[in-house]
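Please consult the sequence and structure shown below while reading.

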Amino acid sequence: MENSTETRTEPYPGYIALIQYLRSATNPKLGDFVKRNKAKVAGWSGVHNDCDGLKATWVSRFQKKSNDIEPGIIPDIQCPELLWKEVFAMTQTAVEHNVASMSVMQESARTNVAQLRQAVNTMNAEASSDNYEMPNGANSVSTVDSWSSADAHPKATYLVSFELSTVKDILPSENERWHHNGVDMSQALNNFRHKSVQDAIKLTKALSPRRTLALSYVYLFALSEDESAFPFKSASMRFNRLFDREQLGSNADEWCRAAREALEKNVDADPEDQSNEEEWSLASILANNLLTATALKNKQLLSFAEVLYDLATTDTQWAGDLTEDTHVHAHIAPLMKAVFTKDKRFTCQWANTMLEALRVRSTSTESAIMNGPNMDRLLPDFTCSVKVQNRTFDLLALEVKPPKKTGHDLEKLGRELKVMFDALIKAHIPEPIVCGIHVQELTVRTYKMELTHDGIYQFLELQNVDLITKHSQLGQLPAVFETIWQTKNIVARTAQRVKSRILQKMAGDDEIPEGAVPMKWMRPDLKKKDRKVKRKAPYTGKGNDPAAETKKGRKR
């Protein structure tokens, strides 16, 4: 399987942040970049003998990347001397602190692994009982206050009860567990799930996404350590979040710049004027992009040109009260259509389509019915599948939550991916990976799911970017497009493996291929009970949980 702990390093610290700034800023200036990221620039700069050396380094970087993105441009490298001196002072403070603390750091390095082991052993001791037990006073104020705000759902409107087994999980044998830097990750994550089950049984507040996902053995590794199931940075874990990410190159940046400039000239044009030269100039620029990508026979660039054409010729102004359908069609559909729907390797479905893995066929009616009473809520907003002969496998799911909508679909997306992934395991597909896209208001987050160890569904956040909601933001489009395209590259690999495996089986070869996930590694799906307890107000994560009512209005 792909090594999920590999990483791709930046040419220098701050490289990606600089590129993102240059692409998104309407009028990029070095002084503005440094001012926005003053403390970060100090951390990215390393050791310099004087302020002039620090300044020269960032001037050179800013000039080079500006010309890479927009050849021939004369970048604005003005930056107040006082600002450079402040940044340099920060770097010197950090150096002095590091020198003074060197002996402490060395000692800390020697004991780091031992401390992590001790922490895991402590967690093991706390989880040593054979059954989950309710602590005394579970419903008391002190117990409620003891919850971490990170464990409470930030936008929950309902309390949901779950069908949970009180029998403690049996870990795999020692040699089959996930170990990293001397830490038994299998044990640590099992303890995290143990605590999540205890919290779910209390039903005193809605669980955070990372806790709810853990009930299904899905362990979230977000970009933020605080939102993850394990403090991976403390354990020096590094994930390859750039896996299969493909860069567009300088053409895309130049096209976005030209389109944005043409739109600015056309902003006051009369839409009834069919001979408006600025409008035809924009159309010519966008059409030439399509011709250039076609001549280069570059499918990624061609898809990007299609998205740019769509967004540049459509009013995409943002409104805070958008419905979900309007949000999807205005800001998300152009990307999904160009990247997935037009790719003949895939079958795509919009709007609450039942996952293929949840369909069973009736021998008499050939009708699709739900596989279990609790699966009716797993209806993604978009699915991408691969079909081989008469078999279909879902590979990617999209969940969208528009502005001012309560709730959070991340845990739903994680459950959907687990259902999709389990179907691939049962078919003995080698090295399977499925992907998910989560859109919460303006933010797009992408994920991939793997099962690299017994009972640990690794739900890894790959990237997060902001959607394009107005024409002045077209400079951000390459980053958004590359983020979505990355998920297609990943599931395209899985699609090819599906085809190879199914055709192999049809040819009479029943041997399980190398790289197939052992079925004993699978874990059961989470079941929600029918009862939902509605809140009077969303819980903020602080103080007592508001009084709740059932659907019939009776107080709990």
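## Aspartate 422

Aspartate 422 is buried, with a relative accessible area of 5%; buried means under 20% relative accessible area, exposed over 50%, and partly exposed in between, with a 1.4 Å probe and protein chains only. Aspartate 422 belongs to helix α14 (residues 410–426); helices (H or I, at least four residues) and strands (E, at least two) are DSSP runs, numbered from the N terminus. The model is predicted: local features need pLDDT of at least 70, side-chain atom pairs count only at pLDDT 80 or more, and totals for chains, interfaces and linings use all residues. Residues are numbered from 1 along each chain as its sequence is written, and side-chain values use heavy atoms, with hydrogens and water left out.

Which residues does aspartate 422 touch, not counting residues up to four places away in sequence? They are Tyr457, Met522, Arg523 and Asp525, where contact means heavy atoms within 4.5 Å. With tyrosine 457, the side chain of aspartate 422 makes a side-chain polar contact at 2.7 Å. A polar contact is a pair of N or O atoms within 3.5 Å; within protein, one must be able to donate a hydrogen and the other to accept it, and residues adjacent in sequence count only if both atoms are side-chain atoms.

## The bent helix α13

Helix α13 (residues 324–341) bends by about 60° at isoleucine 332, and proline 334 follows within four residues. The bend is the angle between axes fitted to the seven residues ending at a residue and the seven starting there.

Among the buried residues of α13 are His327, Ile332, Pro334 and Phe340. The buried residues of this helix pack against α12 (299–312), β5 (347–350), β8 (382–388), β9 (391–401), β10 (434–440) and α15 (477–506).

Six of the seven residues of β8 are buried. Strand β8 runs antiparallel to β5, joined by four bridges, and threonine 347 stands opposite serine 385 in β8. Two strands pair if DSSP finds at least two bridges between them.

Strands β8 and β9 also pair in the antiparallel sense, over seven bridges, with phenylalanine 382 opposite leucine 398 in β9. Their hairpin has two residues between the strands, and glutamine 389 takes a positive phi near 55° there.

## Nonpolar cores

The largest nonpolar core has 104 residues, and Phe221, Phe340 and Phe459 have the most contacts inside it. Its largest share, eleven residues, comes from α15. A second, separate core of 24 residues includes Leu30 and Cys51. Such a core is a set of buried Ala, Val, Leu, Ile, Met, Phe, Trp, Tyr and Cys residues joined through side-chain atoms within 4.5 Å.

Key:
The expected span of a helix is 1.5 Å times one less than its number of residues.
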